[in-house]
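Please look at the structure below before reading the points.

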Amino acid sequence: MRRSGFTIIEFVISIVVMFIVIAAAFPILFKKATTTKEPAKKGGSFVCSCVDSVNGECTFEPKNQYSQEFYTVQIVGGGAGGGIGSQKRGGASGESKVVYYPSLPVSDGVVYKIKLGEGGQAGQNGGQTTLYRVNGSDIEVLDFARGGISTNENAEEVDGIYNTSGEVSAYSENICGRGGDSNQAGTMGEVIIRW
């Protein structure tokens, strides 16, 4: 007479084979997902400052490898001179702003020129700082920051002390773009380009 079904030995062997197959497939089925890391990009900066520029002008030439980088341009206008006379207000700082560019086009002959705004003499406004893109004879203004404004108003008195100091620029890392104290000149502007 013929039996249907498994013997205990056949059942145990079947279970052992299934566990071996599952154990072998476990690392494949539950493999940890790996993410690829993008290599860190080398950042850099270019500074055209009132402290180290030649005649208030600089030239920035981005390298081809950085042409597709994201650029942050920090620009500060020249500070105004302080008011003329005793106890007059200090000059206003130059306009300060940060501008973002997805890229700065790079090709043969293209350079970026920076003209820093002059600091105003006592009683005079500060000059405009301008960033130009120059390609041969083609000159394009990319951005600018206005110079500070000088007034001849009386300084504000607080507890018998007159605040005759010029305003400090919001974004300058140096003394650039600062308004002059009463009867003093303001300082030249500044441009910092980061990528």
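N135 has D138 in β7 as its bridge partner. Strands here are DSSP runs of E with at least two residues, helices are H or I runs of at least four, and both are numbered from the N terminus. The model is predicted, so local features need pLDDT of at least 70 and side-chain atom pairs count only at pLDDT 80 or more, while totals for chains, interfaces and linings use all residues. Residues are numbered from 1 along each chain as its sequence is written, and side-chain values use heavy atoms, with hydrogens and water left out.

**Strand pairing**

- Strands β6 (residues 129–135) and β7 (residues 138–145) pair in the antiparallel sense over seven bridges; two strands count as paired if DSSP finds at least two bridges between them.
- β6 and β7 make a hairpin with two residues between them, and G136 in the turn has a positive phi of about 65°.
- An open sheet is formed by four strands in the order β1-β10-β3-β4, with antiparallel pairing.
- β1 and β4 are the edge strands of this sheet, each pairing on one side only.
- On average, neighbouring strands of the sheet are turned by 10° against each other, direction ignored; the axes are lines fitted to C-alpha atoms, for helices over the stretch in contact, and angles run from 0 to 180 degrees between N-to-C directions.
- β3 and β4 run antiparallel and are joined by six bridges, and T72 stands opposite Y100 in β4.

**Aromatic rings**

- Rings of Phe, Tyr and Trp (its six-membered ring) pair if their centres lie within 6.5 Å; planes under 30 degrees apart are stacked, over 60 edge-to-face, and the rest tilted.
- By this rule there are six aromatic pairs.
- The F46 and F60 rings have centres 5.0 Å apart and planes at 40°, so this pair is tilted.
- F46 lies in strand β1 (residues 45–48) and F60 in strand β2 (residues 57–60), 14 residues apart.
- F60 is buried, with a relative accessible area of 5%; buried means under 20%, exposed over 50% and partly exposed in between, using a 1.4 Å probe and protein chains only.
- Y71 and W195 form a tilted pair, 6.1 Å centre to centre with 50° between the planes.
- Y71 is in strand β3 (residues 71–76) and W195 in the segment after β10 (190–194), so the pair ties together parts 124 residues apart in sequence.
- Y71 is buried, at 0% relative accessible area.
- F46, F60, Y71, Y112 and W195 are linked into a cluster by ring pairs.

**Nonpolar core**

- The largest nonpolar core has 19 residues, and those with the most contacts inside it are F46, C48, F60, I114, V191 and I193.
- Such a core is a set of buried Ala, Val, Leu, Ile, Met, Phe, Trp, Tyr and Cys residues joined through side-chain atoms within 4.5 Å.
- Elements giving two or more residues to this core are β1, β2, β3, β4 (96–101), β5 (110–115) and β10.
- Leaving out residues up to four places away in sequence, C48 touches S53, E57, C58, I114, L116, E190 and V191, where contact means heavy atoms within 4.5 Å.

**Loop residues with positive phi**

- N55, in the loop between β1 and β2, has a positive phi of about 55° although it is not a glycine.
- N55 is exposed, at 66% relative accessibility.
- N183, in the loop between β9 (161–162) and β10, has a positive phi of about 65° and is not a glycine either.
- N183 is partly exposed, with a relative accessible area of 37%.
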